[in-house]
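Visitor: I would like to learn how to read a model such as this one, feature by feature. Could we begin with the structure on display?

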Amino acid sequence: MAHSERHEELVAAAALGLPLGNERAELDRHLAEGCAVCDGLLADFRRASTAMAAGVPEVVPPPHLKEKILGAVRAGITRIVIPRDNAPDLEDLTQEVRDQIEVHPVATLAEALAVTLRDAALENGRLTYGVPSVRDTGETVTPQ
Ligand SMILES: [Zn+2]
């Protein structure tokens with residue numbers, strides 16, 4: 001079956017662990033046929049979940065954010081996503097740490113995906129792919 005935007009939505013839903021019902025089989029068939037677009041998207045989502053596991057959009061603001069960021073810096077991670085509510089915690093970080101990591105505060109999962117997915121962007125609240133993007137939410141925290 002030819003690739004369509006619907007497949008991209010199914011890939012995203014599958015990656016987020018949402019139930020697909022009957023469409024699961026359709027997606028599996030499509031992937032089995034070897035769609036380069038969907039394969040790339042899947043790879044992006046895997047990278048994004050790794051980034052989120054390390055970096056963090058959680059519903060509840062995580063405790064010990066400072067320690068997590070320091071751990072990320074030690075692990076060589078150069079860009080993380082944090083809940084916007086935690087942005088004030090960044091004031092605890094030293095300038096040296098701030099120089100080593102790019103922190104993106106986000107309020108929604110769509111914002112987090114726009115930051116972490118290659119060629120993804122948020123336009124009027126909708127996540128888009130394949131558009132040259134700024135790769136951030138426009139709210140990068142810059143060191144004081
Ligand atoms: Zn496809």
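Guide: Helices (H or I, at least four residues) and strands (E, at least two) are DSSP runs, and they are numbered from the N terminus. By that rule the secondary structure of this protein comes to six helices and four strands, and along the sequence they follow the pattern α-α-α-α-β-α-β-α-β-β. Residues are numbered from 1 along each chain as its sequence is written. This is a predicted model, in which local features need pLDDT of at least 70 and side-chain atom pairs count only at pLDDT 80 or more, while totals for chains, interfaces and linings use all residues.

Visitor: What is the mean pLDDT of the protein, and which elements have the lowest and the highest mean?

Guide: pLDDT is the predictor's confidence in each residue, from 0 to 100. The mean for the protein is 77, with 78% of its residues reaching 70 or more. Among the elements, strand S4 (residues 126-129) has the lowest mean pLDDT, 73, whereas helix H2 (residues 23-32) has the highest, 91. Over residues 56-60 pLDDT stays under 50, and the model has eleven contacts beyond four places in sequence for them; here two residues are in contact if their C-beta atoms, placed from the backbone, lie within 7 Å. Residues 131-137 also stay under 50, and for these the model has 15 contacts beyond four places in sequence.

Visitor: Why is cysteine 35 classed as buried, and which residues is it in contact with beyond its sequence neighbours?

Guide: A residue is buried if 20 or more other C-beta atoms lie within 10 Å of its own, exposed if 12 or fewer, and partly exposed in between, with the C-beta atoms placed from the backbone. Cysteine 35 is buried because 20 other C-beta atoms lie within 10 Å, and its place is in the loop between H2 and helix H3 (36-55). Leaving aside neighbours within four places in sequence, cysteine 35 is in contact with His3, His7 and His30. The C-alpha atoms of cysteine 35 and histidine 3 are separated by 6.9 Å, although the two are 32 residues apart along the chain. For the protein of 144 residues, buried residues make up 25%.

Visitor: Which residues of helix H4 are buried, and which are exposed on the other side?

Guide: One can look at the arc, which is that of the directions from the helix axis to the C-beta atoms. In helix H4 (residues 65-74) the buried residues are Leu65, Ile69 and Ala72. They cover an arc of only 60° around the axis, so they lie on the same side of H4, while Glu67, Gly71 and Arg74 are exposed on the other side. Isoleucine 69 has 25 other C-beta atoms within 10 Å, which is why it is buried. Not counting residues up to four places away in sequence, isoleucine 69 touches Ile80, Leu93, Val97 and Ile101. After H4 comes glycine 76, whose phi is positive, near 85°.

Visitor: How many bridges join S1 to strand S2, and do these strands run parallel or antiparallel?

Guide: Two strands pair if DSSP finds at least two bridges between them. Five bridges join S1 to strand S2 (residues 102-106), and the two run parallel. The chain crosses from S1 through helix H5 (residues 95-100) to S2 in a right-handed β-α-β crossover, meaning that, with the strands pointing away from the viewer, the path from the first strand over the helix to the second runs clockwise. Within this pairing, the bridge partner of arginine 79 is glutamate 102, and valine 81 stands opposite histidine 104. Four of the five residues of S1 (residues 79-83) are buried, so this strand is largely enclosed by the rest of the structure; S2 is mostly covered, with four of its five residues buried.

Visitor: Which residues touch the most other members of the largest nonpolar core, and which element supplies its largest share?

Guide: In soluble globular proteins, nonpolar side chains tend to be buried together. A nonpolar core is a set of buried Ala, Val, Leu, Ile, Met, Phe, Trp, Tyr and Cys residues joined through C-beta atoms within 7 Å. The largest one here has 18 residues, of which Ile80, Val81, Leu113 and Ala114 touch the most other members. H4, S1, S2, H6 and strand S3 (120-123) each supply at least two residues of this core, and its largest share, four residues, comes from H6. Helix H6 (residues 109-116) is itself mostly covered, with six of its eight residues buried.
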